[in-house]
Amino acid sequence: MNVPLSQPHVGEEEIAAVAEVLRSGRLALGPRTAEFERRFGEFLNHPHAIAVNSGTSGLHLAVKALGIGPGDEVITTPFSFIASANCILMAGAKPVFVDVEEESFNIDPALIEPAITSRTRAILPVHVFGEAANMTAILSLARRHNLGIIEDACEAIGARHAGRLAGTFGDAGVFGFYPNKQITTGEGGIIVTGDQRISDYCVSTRNQGRDDDSQWLTHVRLGYNYRISEITAAIGVEQVRKLPDILHARRGRADRYLELLSDIPGVKLPTQWDHQDHSWFVFAIRVEDDLRDPLVEELNRRGIGCKAYFHPCIHLQEFYRRELGFHEGMFPIAERLSRQTLVLPFFTGIADEQIQYVADTLRTVLPRLKPERNHHERCAVDVGV
Ligand SMILES: *Cc1c(COP(=O)(O)O)cnc(C)c1O
(Lines give C-alpha, C1' and ligand atoms only; values in the text may rest on other atoms or scores of the structure.)
Protein backbone atom coordinates (compact mmCIF):
# COMPACT_ATOMS: atom_id res chain seq x y z
CA MET A 1 0.00 0.00 0.00
CA ASN A 2 1.11 3.55 -0.70
CA VAL A 3 0.07 6.26 1.74
CA PRO A 4 1.13 9.82 0.90
CA LEU A 5 2.16 12.21 3.65
CA SER A 6 -0.39 14.77 2.56
CA GLN A 7 -2.95 15.38 -0.14
CA PRO A 8 -5.06 18.45 -0.92
CA HIS A 9 -8.81 18.12 -0.45
CA VAL A 10 -10.22 19.65 -3.63
CA GLY A 11 -13.10 18.51 -5.78
CA GLU A 12 -15.42 19.36 -8.64
CA GLU A 13 -16.53 22.57 -6.90
CA GLU A 14 -13.03 24.04 -7.09
CA ILE A 15 -12.62 22.89 -10.69
CA ALA A 16 -15.91 24.52 -11.69
CA ALA A 17 -15.06 27.74 -9.83
CA VAL A 18 -11.69 28.00 -11.60
CA ALA A 19 -13.28 27.35 -15.00
CA GLU A 20 -15.81 30.08 -14.30
CA VAL A 21 -13.06 32.60 -13.54
CA LEU A 22 -11.20 31.68 -16.72
CA ARG A 23 -14.38 32.13 -18.78
CA SER A 24 -15.13 35.47 -17.10
CA GLY A 25 -12.04 37.13 -18.57
CA ARG A 26 -11.25 38.75 -15.24
CA LEU A 27 -8.20 37.04 -13.79
CA ALA A 28 -6.92 39.54 -11.23
CA LEU A 29 -8.26 42.27 -8.93
CA GLY A 30 -11.85 41.13 -9.19
CA PRO A 31 -14.84 40.11 -7.07
CA ARG A 32 -13.55 36.65 -6.07
CA THR A 33 -10.80 38.09 -3.89
CA ALA A 34 -13.29 40.22 -1.98
CA GLU A 35 -15.64 37.26 -1.61
CA PHE A 36 -12.84 35.01 -0.33
CA GLU A 37 -11.88 37.65 2.23
CA ARG A 38 -15.47 38.21 3.31
CA ARG A 39 -16.13 34.48 3.79
CA PHE A 40 -12.87 33.94 5.63
CA GLY A 41 -13.58 36.87 7.95
CA GLU A 42 -17.06 35.45 8.58
CA PHE A 43 -15.66 32.06 9.49
CA LEU A 44 -13.40 33.67 12.10
CA ASN A 45 -16.00 36.29 13.02
CA HIS A 46 -13.22 38.85 12.77
CA PRO A 47 -13.45 42.31 11.13
CA HIS A 48 -10.76 42.40 8.41
CA ALA A 49 -9.21 39.75 6.18
CA ILE A 50 -6.63 40.62 3.52
CA ALA A 51 -5.69 37.88 1.06
CA VAL A 52 -2.06 37.60 -0.08
CA ASN A 53 -0.02 35.23 -2.22
CA SER A 54 1.48 33.20 0.65
CA GLY A 55 1.53 32.83 4.39
CA THR A 56 5.08 34.17 4.35
CA SER A 57 3.98 37.33 2.52
CA GLY A 58 1.21 37.74 5.08
CA LEU A 59 3.66 37.46 7.97
CA HIS A 60 6.01 39.94 6.33
CA LEU A 61 3.23 42.54 5.93
CA ALA A 62 1.88 41.90 9.44
CA VAL A 63 5.30 42.51 11.01
CA LYS A 64 5.76 45.68 8.94
CA ALA A 65 2.21 46.84 9.69
CA LEU A 66 3.14 46.99 13.38
CA GLY A 67 5.93 49.43 12.47
CA ILE A 68 8.66 46.91 13.29
CA GLY A 69 12.01 47.51 11.60
CA PRO A 70 15.77 47.78 12.13
CA GLY A 71 16.81 47.92 15.79
CA ASP A 72 13.65 46.17 16.97
CA GLU A 73 13.35 42.71 18.50
CA VAL A 74 10.52 40.22 18.17
CA ILE A 75 10.22 37.24 20.51
CA THR A 76 9.32 33.98 18.79
CA THR A 77 9.78 30.21 18.79
CA PRO A 78 12.62 28.19 17.26
CA PHE A 79 10.35 25.13 16.82
CA SER A 80 8.49 26.16 13.68
CA PHE A 81 8.62 26.46 9.93
CA ILE A 82 11.31 28.95 8.92
CA ALA A 83 8.92 31.64 7.64
CA SER A 84 7.82 32.59 11.17
CA ALA A 85 11.32 33.86 11.96
CA ASN A 86 12.33 34.93 8.44
CA CYS A 87 9.47 37.45 8.36
CA ILE A 88 11.15 39.29 11.25
CA LEU A 89 14.47 39.37 9.37
CA MET A 90 12.67 40.48 6.21
CA ALA A 91 11.48 43.55 8.10
CA GLY A 92 15.08 44.26 9.21
CA ALA A 93 14.38 43.34 12.84
CA LYS A 94 15.92 40.67 15.08
CA PRO A 95 14.21 37.40 16.00
CA VAL A 96 14.75 36.55 19.67
CA PHE A 97 14.02 32.89 20.28
CA VAL A 98 12.76 31.39 23.52
CA ASP A 99 12.27 27.69 24.15
CA VAL A 100 8.99 25.79 23.91
CA GLU A 101 6.73 23.74 26.17
CA GLU A 102 7.44 20.06 25.71
CA GLU A 103 3.82 18.89 25.69
CA SER A 104 2.31 21.50 23.36
CA PHE A 105 5.32 22.15 21.08
CA ASN A 106 4.47 25.86 21.44
CA ILE A 107 6.37 28.85 22.80
CA ASP A 108 6.67 28.75 26.60
CA PRO A 109 5.10 31.93 28.02
CA ALA A 110 7.16 31.61 31.21
CA LEU A 111 10.33 32.16 29.17
CA ILE A 112 9.09 35.23 27.31
CA GLU A 113 9.33 37.77 30.12
CA PRO A 114 13.05 37.21 30.83
CA ALA A 115 13.72 37.73 27.10
CA ILE A 116 12.06 41.15 26.96
CA THR A 117 14.44 44.09 26.49
CA SER A 118 13.99 47.79 25.77
CA ARG A 119 14.08 46.89 22.06
CA THR A 120 11.32 44.28 22.18
CA ARG A 121 8.35 45.35 20.09
CA ALA A 122 6.23 42.25 19.67
CA ILE A 123 5.66 38.56 20.38
CA LEU A 124 5.17 36.22 17.44
CA PRO A 125 3.70 32.92 18.68
CA VAL A 126 3.18 30.06 16.22
CA HIS A 127 0.26 27.67 16.71
CA VAL A 128 2.32 24.64 15.86
CA PHE A 129 0.76 21.57 14.16
CA GLY A 130 -2.76 22.97 14.72
CA GLU A 131 -2.46 23.39 18.50
CA ALA A 132 -3.10 26.93 19.72
CA ALA A 133 -0.39 28.52 21.86
CA ASN A 134 -1.19 29.69 25.39
CA MET A 135 -2.69 33.00 24.28
CA THR A 136 -4.12 33.81 27.73
CA ALA A 137 -0.59 34.10 29.10
CA ILE A 138 0.81 35.75 25.98
CA LEU A 139 -1.95 38.40 25.88
CA SER A 140 -1.39 39.33 29.49
CA LEU A 141 2.38 39.61 28.97
CA ALA A 142 1.88 41.76 25.88
CA ARG A 143 -0.48 44.09 27.76
CA ARG A 144 1.85 44.38 30.72
CA HIS A 145 4.85 45.26 28.54
CA ASN A 146 2.99 47.11 25.80
CA LEU A 147 4.02 44.70 23.05
CA GLY A 148 2.32 43.83 19.78
CA ILE A 149 1.22 40.29 18.95
CA ILE A 150 1.43 38.69 15.53
CA GLU A 151 0.01 35.18 15.49
CA ASP A 152 1.40 32.75 12.99
CA ALA A 153 -1.79 30.72 12.58
CA CYS A 154 -0.68 29.20 9.27
CA GLU A 155 -1.02 25.69 10.70
CA ALA A 156 -4.05 26.30 12.87
CA ILE A 157 -7.17 27.40 11.03
CA GLY A 158 -10.09 26.50 13.31
CA ALA A 159 -7.96 25.81 16.40
CA ARG A 160 -9.15 27.32 19.66
CA HIS A 161 -7.63 28.33 22.95
CA ALA A 162 -10.11 28.87 25.80
CA GLY A 163 -12.93 28.87 23.25
CA ARG A 164 -11.46 31.58 21.05
CA LEU A 165 -10.18 30.98 17.53
CA ALA A 166 -6.44 31.06 16.87
CA GLY A 167 -5.51 34.10 14.80
CA THR A 168 -8.07 36.39 16.48
CA PHE A 169 -6.13 37.18 19.68
CA GLY A 170 -3.32 39.32 18.33
CA ASP A 171 -2.98 42.64 16.54
CA ALA A 172 -2.78 40.48 13.43
CA GLY A 173 -3.11 36.77 12.65
CA VAL A 174 -1.81 35.09 9.52
CA PHE A 175 -3.02 31.93 7.76
CA GLY A 176 -1.45 29.96 4.92
CA PHE A 177 -2.99 27.90 2.13
CA TYR A 178 -0.15 25.79 0.79
CA PRO A 179 -1.48 22.35 -0.35
CA ASN A 180 -0.55 20.56 2.88
CA LYS A 181 -2.64 22.91 5.05
CA GLN A 182 -6.19 22.17 6.22
CA ILE A 183 -7.50 24.24 3.30
CA THR A 184 -5.53 25.21 0.23
CA THR A 185 -5.52 27.61 -2.68
CA GLY A 186 -2.36 26.12 -4.21
CA GLU A 187 -0.33 29.02 -2.91
CA GLY A 188 -1.86 31.73 -0.77
CA GLY A 189 -2.31 33.32 2.60
CA ILE A 190 -4.47 35.76 4.50
CA ILE A 191 -3.93 38.36 7.21
CA VAL A 192 -6.72 38.98 9.71
CA THR A 193 -6.97 41.92 12.07
CA GLY A 194 -9.39 43.93 14.14
CA ASP A 195 -7.38 47.09 13.51
CA GLN A 196 -8.47 49.27 10.59
CA ARG A 197 -5.00 50.82 10.22
CA ILE A 198 -3.27 47.44 9.99
CA SER A 199 -5.85 46.38 7.43
CA ASP A 200 -5.35 49.54 5.35
CA TYR A 201 -1.58 49.11 5.47
CA CYS A 202 -1.77 45.49 4.28
CA VAL A 203 -4.27 46.31 1.52
CA SER A 204 -1.89 49.00 0.27
CA THR A 205 1.41 47.14 0.60
CA ARG A 206 0.22 43.91 -1.00
CA ASN A 207 -0.61 46.09 -4.01
CA GLN A 208 2.63 48.04 -4.60
CA GLY A 209 1.95 50.64 -1.93
CA ARG A 210 -1.07 52.12 -3.65
CA ASP A 211 -3.56 54.04 -1.56
CA ASP A 212 -7.20 53.04 -1.70
CA ASP A 213 -8.20 55.96 -3.83
CA SER A 214 -4.93 56.48 -5.64
CA GLN A 215 -4.44 56.02 -9.35
CA TRP A 216 -2.87 52.86 -10.82
CA LEU A 217 0.53 54.53 -11.07
CA THR A 218 0.48 56.44 -7.79
CA HIS A 219 2.39 54.82 -4.94
CA VAL A 220 2.39 56.35 -1.49
CA ARG A 221 4.69 53.89 0.33
CA LEU A 222 7.07 51.02 -0.31
CA GLY A 223 4.92 48.10 -1.35
CA TYR A 224 5.14 44.64 -2.86
CA ASN A 225 3.21 42.53 -5.28
CA TYR A 226 1.67 40.09 -2.82
CA ARG A 227 -1.72 39.98 -4.58
CA ILE A 228 -3.59 36.77 -5.33
CA SER A 229 -5.24 36.03 -8.65
CA GLU A 230 -8.96 35.53 -9.09
CA ILE A 231 -8.21 31.87 -9.81
CA THR A 232 -6.62 31.47 -6.39
CA ALA A 233 -9.45 33.38 -4.71
CA ALA A 234 -12.11 31.24 -6.41
CA ILE A 235 -10.49 28.09 -5.02
CA GLY A 236 -10.37 29.79 -1.62
CA VAL A 237 -14.10 30.57 -1.68
CA GLU A 238 -14.94 26.89 -2.22
CA GLN A 239 -12.44 25.76 0.41
CA VAL A 240 -13.83 28.10 3.07
CA ARG A 241 -17.32 26.76 2.28
CA LYS A 242 -16.05 23.26 3.03
CA LEU A 243 -13.96 24.28 6.03
CA PRO A 244 -16.33 23.13 8.82
CA ASP A 245 -16.67 19.71 7.18
CA ILE A 246 -12.92 19.51 6.60
CA LEU A 247 -12.16 20.29 10.25
CA HIS A 248 -14.73 17.74 11.38
CA ALA A 249 -13.26 15.07 9.11
CA ARG A 250 -9.71 15.76 10.28
CA ARG A 251 -10.76 15.52 13.92
CA GLY A 252 -12.23 12.10 13.14
CA ARG A 253 -9.08 10.94 11.35
CA ALA A 254 -6.93 12.14 14.25
CA ASP A 255 -9.18 10.31 16.74
CA ARG A 256 -8.74 7.13 14.71
CA TYR A 257 -4.94 7.45 14.86
CA LEU A 258 -5.12 8.16 18.60
CA GLU A 259 -7.18 5.02 19.08
CA LEU A 260 -5.02 2.73 16.94
CA LEU A 261 -1.68 3.99 18.24
CA SER A 262 -2.61 4.28 21.92
CA ASP A 263 -1.01 1.01 23.01
CA ILE A 264 2.18 0.97 20.97
CA PRO A 265 5.10 1.06 23.41
CA GLY A 266 7.61 3.80 22.68
CA VAL A 267 5.18 6.05 20.80
CA LYS A 268 4.27 9.35 22.43
CA LEU A 269 0.98 10.68 21.07
CA PRO A 270 -0.12 14.33 20.95
CA THR A 271 -1.35 15.55 24.34
CA GLN A 272 -4.95 16.76 24.49
CA TRP A 273 -6.43 19.39 26.78
CA ASP A 274 -10.01 20.36 27.64
CA HIS A 275 -9.48 24.09 27.05
CA GLN A 276 -7.91 23.56 23.61
CA ASP A 277 -9.41 22.60 20.23
CA HIS A 278 -6.74 21.10 18.01
CA SER A 279 -7.30 21.74 14.30
CA TRP A 280 -5.00 18.92 13.13
CA PHE A 281 -2.60 20.30 10.54
CA VAL A 282 -0.40 17.21 10.88
CA PHE A 283 -0.44 14.14 13.11
CA ALA A 284 2.86 14.26 14.99
CA ILE A 285 4.22 11.50 17.21
CA ARG A 286 7.44 11.22 19.18
CA VAL A 287 9.82 8.31 19.57
CA GLU A 288 13.21 7.94 21.24
CA ASP A 289 15.93 10.14 19.74
CA ASP A 290 17.89 7.42 18.01
CA LEU A 291 14.85 5.68 16.59
CA ARG A 292 13.30 8.60 14.76
CA ASP A 293 15.45 8.67 11.63
CA PRO A 294 15.56 4.87 11.15
CA LEU A 295 11.80 4.78 11.69
CA VAL A 296 11.13 7.45 9.07
CA GLU A 297 13.38 5.56 6.67
CA GLU A 298 11.71 2.21 7.31
CA LEU A 299 8.18 3.63 6.99
CA ASN A 300 9.14 5.38 3.77
CA ARG A 301 10.53 2.08 2.47
CA ARG A 302 7.13 0.51 3.15
CA GLY A 303 5.27 3.13 1.15
CA ILE A 304 4.37 5.41 4.05
CA GLY A 305 5.07 9.09 3.51
CA CYS A 306 6.31 10.40 6.84
CA LYS A 307 8.85 13.01 7.78
CA ALA A 308 11.01 14.42 10.59
CA TYR A 309 9.29 17.63 11.67
CA PHE A 310 10.56 20.32 12.39
CA HIS A 311 14.10 19.32 11.72
CA PRO A 312 16.36 21.15 12.18
CA CYS A 313 14.94 23.85 14.45
CA ILE A 314 15.01 27.33 12.93
CA HIS A 315 18.00 28.50 14.99
CA LEU A 316 20.01 25.51 13.76
CA GLN A 317 19.34 26.11 10.07
CA GLU A 318 22.63 26.75 8.34
CA PHE A 319 21.89 30.39 7.62
CA TYR A 320 20.87 31.16 11.21
CA ARG A 321 24.03 29.52 12.56
CA ARG A 322 26.30 31.29 10.11
CA GLU A 323 24.77 34.76 10.04
CA LEU A 324 23.25 35.01 13.51
CA GLY A 325 25.59 32.84 15.60
CA PHE A 326 23.08 30.32 16.95
CA HIS A 327 24.29 26.88 17.98
CA GLU A 328 23.19 23.60 19.58
CA GLY A 329 22.14 23.63 23.21
CA MET A 330 20.52 27.07 23.22
CA PHE A 331 16.93 25.79 23.22
CA PRO A 332 17.15 22.24 24.58
CA ILE A 333 13.44 21.38 24.56
CA ALA A 334 12.92 22.51 20.97
CA GLU A 335 16.06 20.63 19.98
CA ARG A 336 14.89 17.45 21.69
CA LEU A 337 11.46 17.69 20.03
CA SER A 338 13.23 18.20 16.75
CA ARG A 339 15.14 14.92 17.27
CA GLN A 340 12.09 12.91 18.36
CA THR A 341 9.15 14.11 16.30
CA LEU A 342 7.84 12.72 13.03
CA VAL A 343 4.61 13.36 11.20
CA LEU A 344 2.56 10.47 9.84
CA PRO A 345 0.42 10.53 6.68
CA PHE A 346 -2.47 12.86 7.46
CA PHE A 347 -4.99 14.55 5.20
CA THR A 348 -8.72 15.17 5.08
CA GLY A 349 -9.48 12.27 2.75
CA ILE A 350 -7.18 9.67 4.29
CA ALA A 351 -8.94 6.29 4.25
CA ASP A 352 -9.41 4.11 7.28
CA GLU A 353 -7.42 1.30 5.63
CA GLN A 354 -4.55 3.73 5.13
CA ILE A 355 -4.54 4.72 8.80
CA GLN A 356 -4.73 1.04 9.77
CA TYR A 357 -1.81 0.23 7.49
CA VAL A 358 0.28 2.99 9.05
CA ALA A 359 -0.62 1.84 12.58
CA ASP A 360 0.06 -1.84 11.83
CA THR A 361 3.35 -1.07 10.14
CA LEU A 362 4.46 1.16 13.00
CA ARG A 363 3.59 -1.57 15.49
CA THR A 364 5.63 -4.11 13.51
CA VAL A 365 8.73 -2.09 12.69
CA LEU A 366 9.28 0.00 15.83
CA PRO A 367 10.31 -2.85 18.20
CA ARG A 368 12.81 -4.13 15.62
CA LEU A 369 14.56 -0.77 15.65
CA LYS A 370 15.23 -0.78 19.39
CA PRO A 371 18.82 0.22 20.19
CA GLU A 372 20.93 -1.05 23.14
CA ARG A 373 19.04 -1.51 26.38
CA ASN A 374 20.96 1.08 28.41
CA HIS A 375 20.56 3.61 25.77
CA HIS A 376 16.90 2.75 25.42
CA GLU A 377 16.24 3.36 29.11
CA ARG A 378 17.89 6.72 29.06
CA CYS A 379 15.93 7.92 26.06
CA ALA A 380 12.67 6.38 27.22
CA VAL A 381 12.60 8.89 30.06
CA ASP A 382 12.92 11.70 27.56
CA VAL A 383 9.70 10.86 25.77
CA GLY A 384 7.89 9.95 28.94
CA VAL A 385 6.98 6.45 27.90
C1 LIG B 1 2.89 27.02 6.08
C2 LIG B 1 3.46 27.93 7.08
C3 LIG B 1 3.71 29.28 6.79
C4 LIG B 1 3.44 29.91 5.46
O5 LIG B 1 3.96 29.22 4.42
P6 LIG B 1 3.76 29.69 2.89
O7 LIG B 1 4.32 28.54 2.14
O8 LIG B 1 4.49 30.95 2.71
O9 LIG B 1 2.29 29.88 2.66
C10 LIG B 1 4.17 30.07 7.82
N11 LIG B 1 4.39 29.59 9.05
C12 LIG B 1 4.18 28.30 9.36
C13 LIG B 1 4.45 27.85 10.76
C14 LIG B 1 3.72 27.42 8.38
O15 LIG B 1 3.53 26.13 8.68
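**View 1. Asp72 and its salt-bridge partner.** In this predicted model, Asp72 is buried, with a relative accessible area of 13%. Its side chain meets that of Arg121 in a salt bridge, 3.0 Å from N to O. The two come from distant parts of the chain: Asp72 sits in the loop between α3 and β2 (73-76), while Arg121 belongs to strand β4, and 49 residues separate them. Arg121 is partly exposed, at 33% relative accessible area. Side chains of opposite charge can pair when their charged atoms come close.

**View 2. Arg256 meets Asp352.** Here is another salt bridge, with the closest N and O atoms of Arg256 and Asp352 being 2.7 Å apart. Arg256 lies in helix α7 (residues 230-261) and Asp352 in helix α11 (residues 352-368), so this pair ties together parts of the chain that are 96 residues apart in sequence. Arg256 counts as buried at 18% relative accessibility, and Asp352 is partly exposed at 21%. Look around the pair as well: a network of salt bridges links Arg253, Arg256, Glu259 and Asp352.

View 3. Glu318 and Arg322 form a salt bridge whose closest N and O atoms are 3.2 Å apart.

**View 4. The largest nonpolar core.** This core has 48 residues, and those with the most contacts inside it are Ile68, Phe79, Leu124, Phe129, Ile150, Ile191 and Cys202. Several elements each supply at least two of its residues, among them β1 (48-52), α4 (83-90), β8 (172-176) and α10 (332-340). Which element gives the largest share of this core? Helix α3 does, with 5 residues. Domain 1 (12-98 + 106-240) and domain 2 (243-368) both give residues to the core, so it lies between them. Apart from it lies another core, of 30 residues, including Leu258, Ile285, Leu342 and Ile355.

**View 5. The surroundings of Ile191.** Leaving aside neighbours within four places in sequence, Ile191 is in contact with His48, Ala49, Ile50 and Val52, with Gly58 and Leu61, with Ala172, Gly173 and Val174, and with Cys202.

**View 6. Strand β5, a covered strand.** Strand β5 (residues 148-152) is mostly covered, with 5 of its 5 residues buried. Gly148, Ile150 and Asp152 point one way from the strand, and Ile149 and Glu151 point the other way. Next to this pattern, look for the pairing with β4: the strands β4 and β5 pair in the parallel sense over 2 bridges. Ile149 in β5 is the bridge partner of Ile123.

**View 7. Ser279 in its loop.** Ser279 is found in the loop between β10 (276-277) and β11 (283-286). At 4% relative accessibility, Ser279 counts as buried. Its side chain is joined to that of Gln182 by a polar contact of 3.0 Å. Neighbours within four places in sequence aside, the residues in contact with Ser279 include Gly130, Glu155, Ala156, Ile157, Gly158, Ala159, Leu247 and Arg250.

How values were computed
Residues are numbered from 1 along each chain as its sequence is written. This is a predicted model: local features need pLDDT of at least 70, side-chain atom pairs count only at pLDDT 80 or more; totals for chains, interfaces and linings use all residues. Side-chain values use heavy atoms; hydrogens and water are left out. A nonpolar core is a set of buried Ala, Val, Leu, Ile, Met, Phe, Trp, Tyr and Cys residues joined through side-chain atoms within 4.5 Å. Buried means under 20% relative accessible area, exposed over 50%, partly exposed in between (1.4 Å probe, protein chains only). Helices (H or I, at least four residues) and strands (E, at least two) are DSSP runs, numbered from the N terminus. Domain bounds come from an automatic or database domain assignment. Contact means heavy atoms within 4.5 Å. A salt bridge is a side-chain nitrogen of Lys or Arg within 4 Å of a carboxyl oxygen of Asp or Glu. A polar contact is a pair of N or O atoms within 3.5 Å; within protein, one must be able to donate a hydrogen and the other to accept it, and residues adjacent in sequence count only if both atoms are side-chain atoms. Two strands pair if DSSP finds at least two bridges between them.
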